[in-house]
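User: I would like to go through this structure with you. Could we begin with the aromatic rings and then turn to the strands?

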Amino acid sequence: MQPMAHPRDVLLGAQASTGLLPVCDHYSGVEARMRKSLQLQAEMTQEFGTCVFDVTLDCEDGAPVGAEAEHAQLVTELVRGAAPEARVGVRVHPVDHPAFEADVAQIVGKVGHRLTHVMIPKVESVADVQRAEAAVLAAYPQGMPLQVLIESPGAVHRAFDIAAHPRVQSLSFGLMDFVSAHAGAIPAEGMGVAGQFAHPLVVRAKLDIASAAHASGKVPSHCVVTEFNDVDAMRAAARRAAREFGYTRMWSIHPSQIRPILDAFAPEEKDVQQAVEILTAAERQDWAPISHAGQLHDRASYRHYWQVLERAHATGRALPAEAMAWF
């Protein structure tokens with residue numbers, strides 16, 4: 001008897017190669033906070049049974065001016081000392097910054113095998129991605145995923161071309177730089193937790209970036225919320241990013257933001273149960289169309305419900321016993 005095919009293979013096919021990233025990407029650049037972030041990741045991995053957020057160690061905003069080389073050495077040592085199961089990336093300086101190539105040579109060249117990704121800030125064009133790719137490959141010939149930060153109106157305009165580059169894994173939106181690039185045409189409220197979901201230019205940029213990412217099977221990552229002391233506002237913003245704007249990942253800049261992001265991006269319990277019912281019935285029919293609760297379902301809807309389960313697992317949600325065999 002042939003073993004049952006795994007839903008990921010049956011339903012996603014080539015899309016499976018893009019992988020599923022944790023829904024939260026936590027940034028820190030000061031030594032004490034970087035160490036705390038790695039410790040917290042290890043603790044929450046034990047709590048949830050899976051790594052529920054990435055840690056990205058920051059050179060761009062974390063390195064003191066004039067001490068970029070020393071900061072890159074510190075990041076290298078932190079990556080080297082991270083737990084074996086840790087998911088750690090690094091944000092280097094922009095490709096036109098004097099420290100860019102040194103960042104890559106130091107960190108990627110020495111601990112590239114421990115990194116999940118390299119974040120490239122202030123990407124303006126495909127040429128910037130190509131330059132970053134060349135530097136990474138020179139330091140670590142095996143290569144690794146690049147995540148890129150879209151921070152200007154011009155970069156938003158070129159987001160579809162940037163997302164299509166095969167090395168790009170994720171597109172992030174740089175809200176504050178995007179607003180400041182408009183020379184005062186967008187008020188300061190556009191950087192706040194309410195205004196960023198209301199101003200038409202910011203809304204359009206968010207939607208363009210999410211659409212560009214999805215068009216190439218990449219992960220759209222939502223920008224920061226600076227009001228980190230307001231947990232309710234954080235949770236509401238994360239929920240809107242996930243439910244209304246099509247984002248499947250979000251930045252955290254303070255430990256208090258991680259759990260609200262996990263909660264907001266996790267599927268509802270009723271949606272998980274519905275997904276399990278539909279997928280187990282579909283598997284029994286060898287993935288042929290079925291009728292469930294008076295509705296027709298086929299591989300198009302199966303794909304959606306499988307992604308619901310993947311998201312639930314990635315956010316540490318408990319799954320029914322009949323679904324755990326898939327994970």
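**Aromatic rings and strands**

Analyst: F173 is buried, as is F178 (buried means under 20% relative accessible area, exposed over 50%, partly exposed in between, with a 1.4 Å probe and protein chains only). This is a predicted model, where local features need pLDDT of at least 70, side-chain atom pairs count only at pLDDT 80 or more, and totals for chains, interfaces and linings use all residues. Residues are numbered from 1 along each chain as its sequence is written, and side-chain values use heavy atoms, with hydrogens and water left out.

User: Why is the pair of W306 and W326 edge-to-face?

Analyst: The ring centres of W306 and W326 are 5.9 Å apart and their planes stand at 80 degrees, so the pair is edge-to-face. Rings of Phe, Tyr and Trp (its six-membered ring) pair if their centres lie within 6.5 Å; planes under 30 degrees apart count as stacked, over 60 as edge-to-face and the rest as tilted.

User: Are W306 and W326 buried or exposed?

Analyst: Both W306 and W326 are buried. Ring pairs also join W306, W326 and F327 into a cluster.

User: Now the strands. In which sense do β2 and β3 pair?

Analyst: Strand β2 (residues 53-58) pairs with β3 in the parallel sense, over 4 bridges. Strands are DSSP runs of E, at least two residues, and helices are runs of H or I, at least four, numbered from the N terminus; two strands pair if DSSP finds at least two bridges between them.

User: Which residue of β3 does D58 stand opposite?

Analyst: D58 stands opposite R91.
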